[in-house]
Amino acid sequence: MTNDAATEAPQGEEFGFQADVAQLLELMTHSVYSEREVFLRELISNAADACEKLRYESLSNEKLAAQAGAPLITITLDKEKRQLTIADNGVGMSRDELIAALGAIANSGTRAFLEKLGKEGAGESSSLIGRFGVGFYSVFMVADLVEVATRRAGEDEAWLWSSQGKGAYSIAPLARADAPPVGARVTLHLNAESEEFLEPWRIENIVREHSGAVSTPIDLIDEPGKEPRRIADGVALWTKPKSEITQEQYVDFYRQLSGGFDEPALIAHWRAEGRTEYTVLAFVPGARPFDLFEPSRKSKSKLYVRRVLISRDVELLPAWLRFVRLVVDSADIPLNVSREMVQKSPVLASIGKAVATRLLQELGKLAENEPEKFAQVWENFGAVIKEGLHEDPSRRDGIFAIARFASTKSDGKTRTLKDYVADLRENQTAIYYITGDDAKRLAASPQLEGLRARGVEVLLLDDAVDAFWVTSALGFEGKPFKSVTQGQADIDLIPKVEAEAEEAAPAENVGDLVTALKETLAESIEDVRVSTRLTESAACLIASDKGLDRQLARLLAESGQTALLGKPVLEINAKHPAVTALATSLREKGREGAADGMYLLLDLARAADGEAPLDPAAFARRLGALIARGV
């Protein structure tokens, strides 16, 4: 059979791929990737899942139980025909399942890959393939024609799905004699650039590297007519004693579980005994997953019952640990439990609670024993872990123990709350913080000036979740959290690091200026007061004593709760030259004559807070007039 003949798709009912699949196929068939071997891992993973699914369904279906043999994946190489075949004795697919599984992107990970590619550009496609599996469609990186012969367990009809990866596929009935007894047989007609995948040593290396820990045995047939030989034993990794597992085997299994190519930053493997018995194998990724901030915030854990896969995506962990890749195998959950009922199982809830507690302990050990490695974990997942400070009060102390924060003293590194409390200044009774979306900009905020002059450390909280947890956390080691942009500063009792040689005198009629500012700016501000927190800037905005923190109010306003934003308080530095000049202008020209200066003062405070002027056109006019007078 010539290769040209081999690449002619069999006749059958024609279908068009959905748009996102077509986009992916265009990428596959017209680009060259450095890590094309990902296709084999994806096909093996699909085959193993099919075997697990048949095992599960056969528990409650005697007819399927009679068909289900020992799970097995077989890879056959045929150099003469340039064909690579992967067969499994799993559950197989019906015609409708073929359309649903191979005609549309049902895997959110594949869709995430496309979205990431769209953001980073085609030039990054090779590296993205290497970091992320792209499911079944990766076969078109190496094949001109792909055929899937399959028969659904329990059904008589068999089907042949075929495609050349050019925007369409066909499905045709398949004679029983040509169909696998059960399961699926995927035949790849390899292109000329992919003959390396017909070499037995190459296949063995790929299986060892990417799929060596899969829980289904894998046999290899070097060429048609030869006896199969076992290249992967199919023993579930988590069932083995830790002493018998190498680091390479852990890494291989993690990559197969996560679909990534990074190495795990943390591996936790233990067996729990007592009222509930279960085995856990957990991985903290070394790189941030693509779906980390999906709105669903679901954890992705595999649940096995006595090595039978019950659920691929059981919500076992709290949302703030959703980045952990996890396998749990329990003997205390009934084998016939439905996938829908498993989430309601009190046994599973108990396991989830215990696993979350243990993982927090493991993260604590990593932070203590390998601080550099933990620093990378925190950089990748700190924003997610801090969600637990708001949502999981029972574990707040444990999370505080591992939490790391940028601060005015961190100097490019992060600090713990223990570090902060150890450096409290004389008469300091609170842990000060400021929230926003950029640590560098926060560090330059005028609200920090008085604290900086007193050597007081301020936490720079630039993750969105920070604005929420600080409102619900009572404090740390008896010290409450206090926003520097909310309420009175109350820092007069903390001594300054260095006394100022000569302090400027405050404006003579500062009381009159405060009154005039309140009257002139009444529509935009709640109050005006002389500041104790400012040392360099002329003015700043803060939230009122009983109002919401400025950043929290902004976040809530963005979600439509504008009524909670409220009016800010304007604080002025009575010793600043601009305020002194404005007070003089008020005395000489009256409130109307000094009005432009008052509005400019407010707009300067808004700009320092990262906000636009109230009226950009009026601001430009007033600033232009001020510059003209200065010139």
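Where is the place of Arg297? Arg297 sits in the loop that runs between strand S11 (278-284) and strand S12 (300-305). The structure is a predicted model. The protein holds 22 helices and 21 strands, and buried residues account for 52% of its 631 residues. Of the contacts between residues at least 6 apart in sequence, 72% join residues at least 24 apart.

**Loop residues with positive phi**

- Arg297 has a phi near 55 degrees, which is a positive value in a residue other than glycine.
- The relative accessible area of Arg297 is 28%, so Arg297 is partly exposed.
- Arg82 also belongs to a loop, placed between strand S2 (73-78) and strand S3 (83-88).
- For Arg82, phi is near 55 degrees, again a positive value in a residue other than glycine.
- Arg82 is buried because its relative accessible area is 18%, and buried means under 20%.

**Helix H3**

- Helix H3 covers residues 38-58, which gives it 21 residues.
- From its first C-alpha to its last, H3 reaches 31 Å, close to the 30 Å expected at 1.5 Å a residue.
- H3 is mostly covered, with 18 of its 21 residues buried.

**Packing of H8 and H9**

- Helix H8 (residues 200-210) packs with helix H9 (residues 247-258) at an angle of about 85 degrees.
- That angle makes H8 roughly perpendicular to H9, because angles of 65 to 115 degrees count as roughly perpendicular.
- The axes of H8 and H9 are 7 Å apart.
- On the H8 side, the residues that meet H9 are Arg208, Glu209 and His210.
- On the H9 side, Asp252, Arg255 and Gln256 take part in the contact with H8.
- Sorted by class, the contact of H8 with H9 has four charged residues, two polar residues and no nonpolar ones.

- Glu199 lies in the loop between strand S7 (183-190) and H8.
- With a relative accessible area of 27%, Glu199 is partly exposed.
- Leaving aside neighbours within four places in sequence, Glu199 is in contact with Leu77 and Lys79.
- Glu199 and Lys79 are 120 residues apart along the chain, while their C-alpha atoms are separated by 8.3 Å.

- Thr216 is in the loop between H8 and strand S8 (218-221).
- Thr216 counts as buried because its relative accessibility is 1%.
- Not counting residues up to four places away in sequence, Thr216 touches Ala48, Cys51, Pro71, Leu72, Ile73 and Gly234.
- Thr216 and Asp49 are 167 residues apart in sequence, and C-alpha to C-alpha they are 9.0 Å apart in space.

**Val182, in the loop between S6 and S7**

- Val182 is found in the loop between strand S6 (168-174) and S7.
- At 10% relative accessibility, Val182 counts as buried.

**Cysteines**

- The count of disulfides comes to zero, where a disulfide is a pair of cysteine sulfur atoms within 2.5 Å.
- Cys51 has a relative accessibility of 3% and therefore counts as buried.
- Cys51 is also one of the residues that Thr216 touches.
- Cys540 counts as buried as well, because its relative accessibility is 0%.

Terms used:
Residues numbered from 1 in each chain as written. Predicted model: local features only at pLDDT ≥ 70, side-chain atom pairs only at ≥ 80, totals over all residues. Heavy atoms only, no water. Axes fitted to C-alpha atoms, helices over the stretch in contact; angles between N-to-C directions. Helix = DSSP H or I, 4+ residues; strand = E, 2+ residues; numbered from the N terminus. Parallel < 35°, antiparallel > 145°, perpendicular 65-115°, else oblique. Contact = heavy atoms within 4.5 Å. Nonpolar A, V, L, I, M, F, W, Y, C, P; charged D, E, K, R; others polar. Buried < 20%, exposed > 50% of the residue type's maximum accessible area, 1.4 Å probe, protein only. Expected span 1.5 Å × (residues − 1).
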